[in-house]
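Please walk through this structure with the text beside you.

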Amino acid sequence: MPDFSVYAIVDNQTNEHFLNGWHNAMDGEWKGFSGVISPGEHPRFQLKDPLGMRGAEGTFGYQIVSRSGIVHGAFDTYQEDPYTGNNKVSYNPPPLAVYDMSYQTKVAGKKWRSNRVDPDGHPFDVVYTIEYQRKKHYEWQLIEIAAYSDHPVRNSRQDLITMQHTLWNHETPSIYPDGTRGSFQPNVFSYEFGSKVADKSILNVTVVPVDSELIGAQAVLFGVSDGTRVIESDPFFFKDMSNVKVDAHVIHPTSSGNPFSLNADVDWRMELNLTKEFVTRRGAGVTRLELYWIAPTLHRAFRASIPVTFLRGAVPPTAEVTAQATNSEYYQNMTKRVFNDYHKRFDTVSGTTHLVIQVRGADYHLCLRLPGASMSLLNYNGGSFNERLYLLEDPTGEGPVGSLVPHVSCMDQAAMLELSCSLRGGSSSTSWLYQAPFGYINTTHLVGVTGSGGLVNVNNPFFGTDISHAEVRDINDPSRSPFKVYVYIGHSKFDRESDGGIYDGCSGPHLGTETIKEYITNSIDAQTKLYGERPWECRAPGNVGDVIQGNGVVSINDQRLFSQS
């Protein structure tokens, strides 16, 4: 009696299990069918023809399941060895972007055939091979990137960015970069320092498959900057040809002890989760992202919004991240930054030639673009700080930050330092300290006061324009000038008996390693006879009892003009 059976082998060349096997026989009976095929296995089973002149016809299939239990696709087959008519083999493959499915057949007495079966001859063998797709690459497209800004931020055009907003869209990719400085759509994350960055740093990314072979495939989207994978999505499936919204997490750094930023061009890429094979991107996919991570609580001056120009100067880049840090370490870093990085120079002509106006009974200094003028509505007690003027670049917009208006007072430096420190510690992270009298100063460095060899020694802060007069050898020389009032920053709430550090970004710099008593001893020249000889300049050297905690910065960029009362 002729044998019209089909003998089938399924060769599993993947790392997944073929589970939940099913079979159906329209003619005949399946013998030895295996419902589970593990990686590397290739069981053989028979679709036995029935008695009589009918032949064999049947189907079977499996789900493809990873070790973690995720279903990555399915396949089914059809085979027929009829009594009359042609032999037939066909299949519905798993996702073609991930898997390659093929078959070989051999009819009794004939050669093996690839992906076809001889139409006549009985019985026949069929071997189905399922392996990973290594030959073909398919395409996807980046559509949009959005995020939720936990803090309101104002871009360099003074547009307010708040809550959910678009960081990039494929239809208008050129409108987002802000020159070489960043993006017109910055985003600010509220961050608990030391926690896992990826937990709350989420970008909402929309992608779409270009090729239908990606349907059913599980992929991972990621972003690369300077050769490092900095953003990565959870694995997701392409269910059809429509847009897919993916949550992508910032994964580098994993955590940080300080505020930090990612301001870079990010190259978006995709890989198949199982095979790690790249999926080819079609169209634009390098996007400018400007992201910041700062404290959950804001300084009162930032309640309306945080200027992105301020963040660009104050927030360290990812490369400077430290996993663990303290407030004092961060304040020390900010003091160095305020002293060194903003192209400022202490006004040595006259630190007191400010236009004074009355605001609620206190003397405030109106912004003047003159040597010696504070660039803010600030007095010894604090006030409104014009950080926009402080950070202005040269007219091209590409010059060094802060270079357009270089001259500063101690109040300007204290204001910039207070706001910078608040990005880690919140509104009350430091204390604004003013001291009157302060006195003649011991030899030190003042911000930006340099000669041909770098910073010069200074014990005569208002020496004018002749750098040779910056340091007077004779401490009793009447040409020396004192600070009548001086402002600096304390660590947290001020206490005259506290051992909390003092931070000074105008002179020194002083990096929080001194108590208030040590700072005064190290800063003030108490030995000169000029206090007695020139009391109208300064009647006595300042001491701890002369230090007062002021209000500090109450607002920023206040452009209102107040009339004198």
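Helices (H or I, at least four residues) and strands (E, at least two) are DSSP runs, numbered from the N terminus. The model is predicted: local features need pLDDT of at least 70, side-chain atom pairs count only at pLDDT 80 or more, and totals for chains, interfaces and linings use all residues. Residues are numbered from 1 along each chain as its sequence is written, and side-chain values use heavy atoms, with hydrogens and water left out.

Start with Lys-276. It sits in the loop between strand 21 and strand 22 (278–281). Lys-276 is partly exposed, because its relative accessible area is 46%; buried means under 20%, exposed over 50%, and partly exposed in between (1.4 Å probe, protein chains only). Asn-20 also has a positive phi, about 55 degrees, and is not a glycine. Asn-20 belongs to strand 2 (residues 17–27). At 52% relative accessible area, Asn-20 is exposed.

Next come the cis peptide bonds. One runs from His-122 to Pro-123, with omega near -20 degrees. Pro-123 lies in the loop between strand 9 (112–114) and strand 10 (124–132). Another links Ala-436 to Pro-437, with omega near 0 degrees. Pro-437 lies in the loop between strand 31 (430–435) and strand 32 (450–451).

Now the helices. Two packed helices are described by the angle between their axes and the distance between the axes. Helix 2 (residues 327–340) and helix 4 (residues 410–425) pack at about 145 degrees, with axes 9 Å apart. Axes are lines fitted to C-alpha atoms, for helices over the stretch in contact, and angles run from 0 to 180 degrees between N-to-C directions. Among the residues that meet are Tyr-330 and Met-334 in helix 2 and Met-416 and Leu-417 in helix 4; contact means heavy atoms within 4.5 Å.

Two buried sites remain. Ala-264 is in strand 21 (residues 260–272). Ala-264 counts as buried because its relative accessibility is 15%. Leaving aside neighbours within four places in sequence, Ala-264 is in contact with Ser-225, Thr-287, Arg-288 and Leu-289. Asn-386 is in the loop between strand 29 (382–385) and helix 3 (387–390). At 8% relative accessibility, Asn-386 is buried too. The side chain of Asn-386 reaches the backbone nitrogen of Leu-389 at 2.9 Å.

Terms used
A polar contact is a pair of N or O atoms within 3.5 Å; within protein, one must be able to donate a hydrogen and the other to accept it, and residues adjacent in sequence count only if both atoms are side-chain atoms.
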